[in-house]
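Subject: Structure for your files

Dear colleague,

Here is the structure we spoke about, with its sequence.

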Amino acid sequence: MPVSDSPLLIDVIDEVAWLTLNRPEAGNAIDLPMARALVEASIRCQTDASIRCVVLTGSGRLFCTGGDVGLFASAGDQVSALLSELAGTLHMALARFARMAKPLLVLVNGPAAGAGLSLAICGDVVLASRSAHFTAAYGTLGLTPDGGVSWVLPRLVGLRKAQEILLTNRRIKADEAEAIGLVTRLVDGGDLLEEGRATAEQLAGSAVAAVGAARALLQDSFSSGYETQLEREARAISAAGGGLECREGLAAFFDKRVPDFKGAR
């Protein structure tokens, strides 16, 4: 990645957008410039058709320690207003990452806490270094969860386990995180970037429009009745069947070759 003072590095390589949290001296803590940079990046990733996969990771030893506690302290009596702006800005980015019609891969290179936990678990695929661990941490500061963690976490690990993680602030080590479904799988630290590149390449080469529609179906499934979800699935698969990806997929199946979904535009 290029050397930069920007709080977020953005590098697009082979139709994959690599986003790197870039405040290693502060544990990649989220301040307003970083939150705003994430919004700008999310808009670009959502709207740029040449980007087929998005990867989020951190620089240095830590993935993200959450909100910038030093910033909170310096705000004094205005901390409530600051938190409203900071969380609201971060949430704008997360909403766009969640709703974009392309996959999101998160590479958790080290410990994640607070809003860093939210960022760590927001991906469709989450690869974590064995050095990673996860802590909610909000209660130790007298704060409540943000970053969508109260929505995502119980859907990943169940309500009872989510209650323990959020209310007791117990640290979840890497092995347990994999066992309970907090992350997709663990990777030896030295192999994380290489494994991430291979996974990003695979995702970017997939039927991205179909993947985007599948993401939307999964997100809506918890608020849908069974029959409603069946109707949504029927509409989605019908729309996909009329697209170039399906045409290429069928042609490749009968030609006994690997489909070229990147060319199906």
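Contact here means heavy atoms within 4.5 Å. Please keep in mind that this is a predicted model.

Helix pairs

By that criterion, Phe97, Ala98 and Arg99 of α3 meet Arg215, Gln219 and Asp220 of α9. Sorted by class, the residues of this contact are two nonpolar, one polar and three charged. The axes of α3 (residues 79-99) and α9 lie 9 Å apart, and the two helices pack at an angle of about 115°.

Helix α9 (residues 208-221) also pairs with α10 (residues 226-241): their axes come within 11 Å and cross at roughly 170°. Angles over 145 degrees count as roughly antiparallel, and that makes α9 roughly antiparallel to α10. On the α9 side the contact is made by Leu217, Asp220 and Ser221, and on the α10 side by Gln229, Arg232, Glu233 and Ala236. Here the division is two nonpolar, two polar and three charged residues. Asp220 is named in the contact with α3 and again in the one with α10.

In α5, the buried residues are Val149, Leu153 and Val157. Viewed down the axis of α5, they fall within an arc of 25°, so they line one face of the helix. An α-helix has 3.6 residues a turn, so residues three or four places apart point the same way. The cover over the buried residues of α5 includes α4 (115-120) and α6. After α5 comes Gly158, with a positive phi near 90°.

Helix α6 (residues 159-168) has Ala162, Ile165 and Leu166 as its buried residues. Down the axis of α6 these fall within an arc of 85°, so they too line one face of their helix. Arg160 and Leu167, on the other side of α6, are exposed. The buried residues of α6 pack against α5 (149-157) and β8 (172-173). Asn169 follows α6, and its phi is positive, near 60°.

Nonpolar cores

Which residues touch the most other members of the largest nonpolar core? They are Phe63 and Phe134, in a core of 54 residues. Helix α1 (residues 32-47) gives the largest share of this core, eight residues. Another core, of 13 residues, lies apart from it and includes Val16, Cys53, Val55 and Ala200.

Regards

Definitions and conventions
Residues are numbered from 1 along each chain as its sequence is written. This is a predicted model: local features need pLDDT of at least 70, side-chain atom pairs count only at pLDDT 80 or more; totals for chains, interfaces and linings use all residues. Side-chain values use heavy atoms; hydrogens and water are left out. Axes are lines fitted to C-alpha atoms, for helices over the stretch in contact, and angles run from 0 to 180 degrees between N-to-C directions. Helices (H or I, at least four residues) and strands (E, at least two) are DSSP runs, numbered from the N terminus. Angles under 35 degrees count as roughly parallel, over 145 as roughly antiparallel, 65 to 115 as roughly perpendicular and the rest as oblique. Ala, Val, Leu, Ile, Met, Phe, Trp, Tyr, Cys and Pro count as nonpolar, Asp, Glu, Lys and Arg as charged, and the others, Gly among them, as polar. A nonpolar core is a set of buried Ala, Val, Leu, Ile, Met, Phe, Trp, Tyr and Cys residues joined through side-chain atoms within 4.5 Å. Buried means under 20% relative accessible area, exposed over 50%, partly exposed in between (1.4 Å probe, protein chains only). The arc is that of the directions from the helix axis to the C-beta atoms.
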